[in-house]
Amino acid sequence: MNQNTIEEILESFAFQGKVVKAEPFGSGHINDTIRVKTETPGGETFRYTLQRINHAVFRQPQQVMDNIERTLAHLNSKVEQFPDVKVLKLIHTKEGRNCVRTFAGKWWRVYEFIDNVESYDNVRDPNVVYEAARGFAQFQNMMADLPAPRLYETIPYFHCTPMRYATLEEAAFLDLRNRLNDVMPEMEFVRSRRHLVAHLLNRYLRGQIPERITHNDTKINNALFDPTSKKCVAVVDLDTIMPGLALYDFGDMCRTTCNTADESEPDTESVQFDIKMFEAAVSGYLDTARFLTQAEIQELTFSAWLLPFMIGIRFLTDYLQGDTYFKTHYPKQNLDRCRTQFKLVERIETYREEMHAIVQRCAKATGHN
Ligand code: ADP
Ligand code: GN1
Ligand code: MG
């Protein structure tokens with residue numbers, strides 16, 4: 001996308017200065033993110049995040065934006081209580097709207113860029129993992145008393161594992177891209193564990209696990225850190241905020257913080273589950289998420305297993321369907337991503353007892369039982 005097009009889109013928004021630089025930013029798999037630098041005639045500079053909302057993924061972009069507006073207003077009402085937290089700031093259009101739909105049918109929004117922060121795709125430092133867990137738990141804490149109505153479900157059944165499994169079987173049955181032959185071991189891997197896919201959902205349906213307001217995309221690069229204190233100061237990527245289970249947020253956070261390898265690592269032998277990072281995640285989460293029930297605490301280990309399993313299923317489905325959902329940068333990247341997730345699942349299966357013991361120890365240390 002060239003600078004003229006970017007300027008044309010930005011023209012609708014009430015930003016300051018003239019565009020002097022625009023560059024693709026971040027490593028998200030869904031939206032297009034562009035970091036924009038502007039300058040005023042007086043030489044003052046500003047930075048913004050211009051994002052195209054992927055409307056093939058988010059079918060109702062206006063509902064996404066309404067959820068985000070309510071979330072940001074609510075978080076802003078609490079900044080005095082949480083002085084370290086940086087809340088995302090939306091730049092509205094000149095008519096006061098929170099996004100634009102261009103004549104080409106593309107949806108765009110602008111945030112102020114949060115300066116002087118770091119984000120990581122992979123971490124090896126338990127203090128950073130502790131902080132990420134604390135940051136996502138604090139986010140859930142702050143959102144817990146959002147006034148009615150219920151948030152929109154911007155992607156229905158987003159973390160419904162039985163639905164994800166059924167969609168995989170359908171993609172395998174149709175095999176539109178003739179790729180099923182490449183993935184028979186992965187299909188077998190999933191099928192041999194299918195009796196576990198509905199476990200959390202069943203507990204939720206029986207009323208044993210409560211619905212909460214959750215972030216639903218708690219991978220480590222959606223948390224921003226202060227480069228000096230290494231404290232988590234902001235949570236971004238708010239598109240999937242909706243009703244969900246706290247356990248999905250915890251499990252997804254472990255998926256990216258406890259894996260020693262990158263998400264697309266082609267050499268699965270280098271995928272290890274780092275139990276020290278798990279301990280840091282449990283400790284940060286339990287220290288901060290004071291609202292958790294005993295049933296939720298009991299399922300933390302299961303959720304750390306479930307999320308890589310479910311997201312592996314989603315990568316595999318996308319591979320079978322022809323790579324239409326997640327951005328890819330080379331032909332079999334979704335398959336590499338799937339294999340990495342499944343290797344992590346396999347590693348986690350050998351650590352179950354240690355993980356339960358860590359959860360029990362941390363729950364006791366943080367006064368949860
Ligand atoms: P995607 O949905 O494609 O993942 P994100 O909203 O997560 O898009 O943005 C991509 C990355 O850009 C994030 O992981 C984060 O590191 C960075 N980022 C996003 N918004 C901001 C912001 N306002 N300030 C600083 N960094 C940001
Ligand atoms: C996507 O948008 P991003 O890159 O933060 C995806 C998540 C997956 C993740 C896997 C809306 O997250 O659900 O867990 O990729 N987001 C959506 O890395 O599907
Ligand atoms: Mg993201």
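## Polar contacts to ligand 2

Arg255 reaches towards ligand 2 with a polar side-chain atom that lies 3.4 Å from an oxygen atom of the ligand, a polar contact in the sense of a pair of N or O atoms within 3.5 Å. Within protein, such a pair also needs one atom able to donate a hydrogen and the other able to accept it, and residues adjacent in sequence count only if both atoms are side-chain atoms. Asp217 has a polar side-chain atom 2.9 Å from a ligand 2 oxygen, and for Glu263 the corresponding distance is 2.6 Å. The protein covers 97% of the 440 Å² of accessible area that ligand 2 has on its own (Shrake-Rupley method, 1.4 Å probe; for residues, only the protein chains shown count as cover).

This is a predicted model, in which local features need pLDDT of at least 70 and side-chain atom pairs count only at pLDDT 80 or more, while totals for chains, interfaces and linings use all residues. Residues are numbered from 1 along each chain as its sequence is written, chains are lettered from A and ligands numbered from 1 in the order in which they are written, and side-chain values use heavy atoms, with hydrogens and water left out.

## The shell around ligand 2

Now for the wider surroundings. There are 17 residues around ligand 2, and His29, Lys219, Glu263, Arg314 and Tyr325 come nearest; a residue counts as near if one of its heavy atoms lies within 4 Å. The shell divides into seven nonpolar, four polar and six charged residues. Here Ala, Val, Leu, Ile, Met, Phe, Trp, Tyr, Cys and Pro count as nonpolar, Asp, Glu, Lys and Arg as charged, and the others, Gly among them, as polar.

Domain 1 (3–112) and domain 2 (126–365) each supply at least three residues of this shell, with bounds from an automatic or database domain assignment. Helix 10 (residues 300–321) gives the most, with three residues; helices (H or I, at least four residues) and strands (E, at least two) are DSSP runs, numbered from the N terminus.

## Backbone features in the loops

Most residues other than glycine have a negative phi, and most peptide bonds are trans. Between Ala148 and Pro149, though, the peptide bond is cis, with omega near 5°. Pro149 sits in the loop that links helix 3 (126–143) and helix 4 (161–174).

Lys230 has phi near 60° and belongs to the loop between strand 8 (223–225) and strand 9 (232–235). Asp237 has a phi of about 60°, in the loop between strand 9 and strand 10 (242–244). Lys230 is partly exposed at 29% relative accessibility, and Asp237 is partly exposed at 27% (buried is under 20%, exposed over 50%, partly exposed in between; 1.4 Å probe, protein chains only).
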